[in-house]
Amino acid sequence: MKELMVDYSSSFDPNFSHEKLAQQTLTRLLRATAEYMRRIDGHWYLSVMEKWGNDEALDCDIKVWERLVIYEMKMLSSLLNIHGDDVVTVMKVLQASPWTLTYACDIDVRSNDCAIVTYRNCPTLLALENEGKGREGLICQELEPKLMGIIAHYFNPNIRVTPLKLPPRDGSGDICCQWEFMLER
Amino acid sequence: MELVDYSGTFDPDFSYEKLTKETLLKLIRSDAEYVRRIDGQWYLAVMQKCGNDVAFACDAEIWEKLEAYTMKITCKLLNIHGNDVVTLIKALQANPWSSSYEIKVDLINNDHAIISFINCPTLLALERDGSGREMLICNKLEVKLMELKAHYFNPNMIVTPLKLPPRDPNSEICCQWELKVDR
């Protein structure tokens, strides 16, 4: 069996494909791609904001992500065979989301129908805090609750998402945000 | 045991490291499509709100910044280094977009190659859209971006588009480029 490539420092391979890479290299690539996605999204937001202002940029952001989170849920649940209508199903998809690779996130599953999700590190919030314009007031307090709701309702429209803690936060040691997902049957 | 999917019970320590290679490859392919959709959905949202001129201006501005980053992360991660055409081709084969496209490379020597994009989902979408946006995106922006990618490795690399959309109905090639360094 041919040895897997840990990188592509070797000579040109006309038949190169990702299949030839080692498993650990693929996971590193997936991590880098997650950060790449975040940057593409961020650059679009900033470019529209600079040209047309924050209201237009936020409006586009909402339209884009209302569509894309549905796409992401479909893609992940089909690819990873994640199905169900309880909170724990939502948690599995959150764990597997490419975005989660860019965050430090704790999930406390209390039962199949109740979980607390805590984001301890969020590069988007860090960037917004560094910018200092207070945009986290809109993005974290308006857009994110809407998106968390769409994610949960993709699996079950009766799942209730309650933000327990949202930015602005008390210093850089504080958690970024915290959410309760609950389904009452 | 490695997971082929995540249909099992919740694992508090789930990570991509627990998935099989086959599943990771599927994720690589779906992420490439996701990347394309993030960019495409932003373009469409801005176009619907502010018109195509603004959307195109944002698109150009963003990718003029991000092309170098794309090459940088690909090369750093995969240890791809050099200043010849073959180095650029290796980065094109492996970057986060590459799973979305089908490319054919005719490597004449390390400083000279012809690269053909056989399948391009963005061009397919633009052709279906029917408003002729490929004239701006493929004929203006992509030419500039291919140069940025080439010049990331070597500012003397010459990029010549040999074939650009619109394409003949029977053409299998979406676009074709000659890449060359004269030493």
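The model is predicted, so local features need pLDDT of at least 70, side-chain atom pairs count only at pLDDT 80 or more, and totals for chains, interfaces and linings use all residues. Residues are numbered from 1 along each chain as its sequence is written, while chains are lettered from A and ligands numbered from 1 in the order in which they are written.

**Chain B**
- Chain B has five helices and four strands, where helices (H or I, at least four residues) and strands (E, at least two) are DSSP runs numbered from the N terminus.
- Read from the N terminus, the elements of chain B follow the order α-α-α-β-β-α-α-β-β.
- Along the principal axes, the C-alpha atoms of chain B fill a box of roughly 55 × 45 × 35 Å.
- Of the 183 residues in chain B, 35% are buried, a term for residues with 20 or more other C-beta atoms within 10 Å of their own, against 12 or fewer for exposed and in between for partly exposed, with C-beta atoms placed from the backbone.

**Contact between the chains**
- The contact takes 49 residues from chain A and 48 residues from chain B, two residues being in contact if their C-beta atoms, placed from the backbone, lie within 7 Å.
- On the side of chain B that touches chain A, H1(B) gives the largest share, 19 residues.

**A:His43**
- A:His43 lies in helix H1 (residues 23–52) of chain A, and it counts as partly exposed because it has 19 C-beta neighbours inside 10 Å.
- Leaving aside residues up to four places away in sequence, A:His43 touches B:Ile62, B:Lys65 and B:Leu66.
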